[in-house]
Amino acid sequence: RTQELNTKNTELERSNAELASFNSFASHDLQEPLRSISNYTGLLAKKNNNKDEDTNEYMNYIIEAAARMSALIKDLLEYSRIGKDIAISEIDCDKILHEVLKDFALSIKENGAEIHSDKLPVLNGYVHLKSVFQNLLSNAIKYKKDGMDPLINITVQDKEKEWLFAIKDNGIGIEKKYYHKLFVIFQRLHTRAEYPGTGIGLANCKKVVELHGGKIWVESELGKGSAFYFTIPKTII
């Protein structure tokens, strides 16, 4: 039994070492060539100076593809770091929501979004909790109905042993048959042409919430908006 545990610990240590190696590789070795591709393509576009429209169009495709790949690597890196080398600390949810709204100020203004929130609690948790608010609010703004400004309500309920958060919107909604895909990494319900993104955001939310020992789910109907719920236990084991 002891030997089996030692073997599993050794495998876990090796897995963690491989993950750390991947983080280093992804943050530099993968990003650097993409920056070079984007920068040199931009220089070629300037040199072309609109002389050949087809060439300009092709170079723009390259720059956009490099930007998408860079965003994907960044999101993957963030996903892989969740729960690594962090400690529980006091999290002021009102404060992190204010920071997120400040980050999204331009997007909120451009989309005419109206956001209301309950007074949110101070709780014990992990710093990654901010990314849950970031991803859920970003989606609530992004997946709006044509011709309708986003209306988003953030609520919280004290459920004795846990906090129940909800982020509700008046957007395009989701068919029930797709619920199971939402929190799976790289699963997308729309094309990139319709809505940009990497397909990692909700998987990120699920990983963070489960790191706290909570649950996350959605209630929605096509054309009638969505409500994303998640719980954070008051005592994290």
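**What the labels rest on**

Tutor: Gladly! Keep in mind that this is a predicted model. Let's begin with helix α3, whose buried residues pack against β1 (89–92), β2, β3 (122–125), α5, β4 and β5.

Student: What makes us say "pack against" here?

Tutor: The word rests on contact, which means heavy atoms within 4.5 Å. The buried residues of α3 have such partners in β1, β2, β3, α5, β4 and β5.

Student: Which residues of α3 are buried?

Tutor: In α3, which spans residues 93–103, they are C93, I96, L97 and V100. "Buried" stands for under 20% relative accessible area.

Student: Why do we say that they line one face of the helix?

Tutor: Viewed down the axis of α3, the buried residues fall within an arc of 105 degrees, so they line one face. The face turned away from the buried side of α3 carries exposed K95, H98 and K102.

Student: What happens at the start of α3?

Tutor: There, a side-chain oxygen of D92 comes to within 3.1 Å of the backbone nitrogen of D94. The cut-off for a polar contact is 3.5 Å.

Student: Why is α5 called largely enclosed?

Tutor: Count the buried residues: 10 of the 14 in α5 are buried, so the rest of the structure largely encloses this helix. Among them are L129, F133, L137 and I141. From first C-alpha to last, α5 (residues 129–142) reaches 20 Å, close to the 20 Å expected at 1.5 Å a residue.

Student: Now the sheet. What is the order of its strands?

Tutor: This open sheet of 5 strands has the order β2-β4-β5-β7-β6, with mixed pairing.

Student: Why are β2 and β6 called edge strands?

Tutor: Because β2 (114–117) and β6 (216–220) each pair on one side only, where pairing needs at least two bridges between strands.

Student: How do we know that β4 and β5 pair?

Tutor: Set the count against that cut-off of at least two bridges: 6 bridges join β4 (residues 151–158) to β5 (residues 162–168), and the two run antiparallel.

Note on methods
Residues are numbered from 1 along each chain as its sequence is written. This is a predicted model: local features need pLDDT of at least 70, side-chain atom pairs count only at pLDDT 80 or more; totals for chains, interfaces and linings use all residues. Side-chain values use heavy atoms; hydrogens and water are left out. Helices (H or I, at least four residues) and strands (E, at least two) are DSSP runs, numbered from the N terminus. The expected span of a helix is 1.5 Å times one less than its number of residues. Buried means under 20% relative accessible area, exposed over 50%, partly exposed in between (1.4 Å probe, protein chains only). The arc is that of the directions from the helix axis to the C-beta atoms. A polar contact is a pair of N or O atoms within 3.5 Å; within protein, one must be able to donate a hydrogen and the other to accept it, and residues adjacent in sequence count only if both atoms are side-chain atoms.
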